[in-house]
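Student: Could we go through how the two chains meet, one question at a time?
Tutor: Gladly, let us look together.

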Amino acid sequence: MDHPVLSHEPVAVEPLLELQSHPECGGLALFVGTVRDHHEGQSVKHLAYTAHEPMAAKVIRAVEADTRERFGVPYVRIVHRLGDLAIGDIAIVCVVRAPHRAEAFEACRYAVDAVKHGAPIWKEEFYTDGSSAFVEGCCIRDDLDESASPRPHRHHSHTSHG
Amino acid sequence: MIPIVFELYANLARLAGTAEYRLEVADGARTVGDAVALLGQARPELASSLDRCACVSGDSIVRRADALPADGRIALLPPVAGG
């Protein structure tokens with residue numbers, strides 16, 4: 001069963017928790033990333049997320065499956081918001097159900113990081129001074145080693161909401 | 001000449017002033033890398049950003065050494081920043 005992993009509408013957390021399911025699970029780890037009102041010294045008024053939707057959905061589903069496999073947890077659910085968001089709006093939700101808390105926490109963190117670093121989603125911030133900018137992100141090109149061109153940074157030091 | 005349509009995202013679309021850019025590439029262009037290099041020549045303002053873009057056909061990443069996609073569409077994905 002494929003749940004939507006991208007949402008153009010506000011995301012409701014409660015339906016994602018599946019509290020009535022998974023009786024073998026004593027742990028539920030939840031991460032909710034929300035829109036922050038500042039970024040690297042600038043005052044953020046609102047922001048917009050855009051995506052290459054077919055690939056973003058594919059990447060997020062792969063992260064869910066990989067996280068279940070890697071941490072041996074039965075339920076991983078990720079939803080990322082797209083469109084125009086206000087301060088405080090939910091940008092990303094990740095829910096992990098697990099028998100014990102340790103793997104729930106670890107799996108949840110792993111899944112959120114993997115989405116941030118791999119899903120083709122972009123964040124444009126709009127600042128209170130009237131300017132805007134796309135947040136510096138992670139390069140997902142995977143054949144740089146075969147290229148003769150100078151190597152841009154491939155790994156992830158960007159700060160972001162959530 | 002082979003028509004290639006580049007789909008542009010995020011800051012790349014902003015730089016180009018368009019979400020799609022059509023380019024007629026010479027018959028000698030065989031690979032994704034060839035087409036991207038020609039795009040950089042046709043739109044120099046994009047050239048410095050192209051190295052950090054992943055190329056996608058459909059919902060899969062294609063590499064610079066891969067053959068041009070049969071449907072003639074290449075999505076250029078700048079560094080990502082979700083979450």
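Student: How many residue pairs are in polar contact between chain B and chain A?
Tutor: This is a predicted model, and the count takes in pairs with both residues at pLDDT 80 or more. On that basis, the number of residue pairs in polar contact between chain B and chain A is 15.

Student: Which element gives the largest share of the side of chain B that touches chain A?
Tutor: Elements that give two or more residues to this side are strand S3 (54-57), strand S4 (60-62), strand S5 (73-77) and helix H1 (10-16) of chain B. The largest share is three residues, and the element behind it is H1(B).

Student: How do the residues of that side of chain B divide into nonpolar, polar and charged?
Tutor: Chain B brings 24 residues into contact with 37 residues of chain A. The residues on the chain B side divide into seven charged, five polar and 12 nonpolar.

Student: What area is buried between chain B and chain A, and which three residues of chain B supply more of its part than any other three?
Tutor: About 2600 Å² is buried between the two chains, with 55% from carbon and sulfur atoms. Of the area that chain B buries against chain A, 28% comes from three residues: Arg52(B), Val80(B) and Gly83(B).

Student: Which residue of chain B forms a salt bridge with Arg141(A)?
Tutor: Five salt bridges are counted between chain B and chain A. In the one with Arg141(A), the closest N and O atoms are 4.0 Å apart, and the partner is Asp51(B).

How values were computed. Residues are numbered from 1 along each chain as its sequence is written. Chains are lettered from A and ligands numbered from 1 in the order in which they are written. This is a predicted model: local features need pLDDT of at least 70, side-chain atom pairs count only at pLDDT 80 or more; totals for chains, interfaces and linings use all residues. Side-chain values use heavy atoms; hydrogens and water are left out. Contact means heavy atoms within 4.5 Å. Buried area is the accessible area (1.4 Å probe) that two parts lose on being put together, summed over both. A salt bridge is a side-chain nitrogen of Lys or Arg within 4 Å of a carboxyl oxygen of Asp or Glu. A polar contact is a pair of N or O atoms within 3.5 Å; within protein, one must be able to donate a hydrogen and the other to accept it, and residues adjacent in sequence count only if both atoms are side-chain atoms. Helices (H or I, at least four residues) and strands (E, at least two) are DSSP runs, numbered from the N terminus. Ala, Val, Leu, Ile, Met, Phe, Trp, Tyr, Cys and Pro count as nonpolar, Asp, Glu, Lys and Arg as charged, and the others, Gly among them, as polar.
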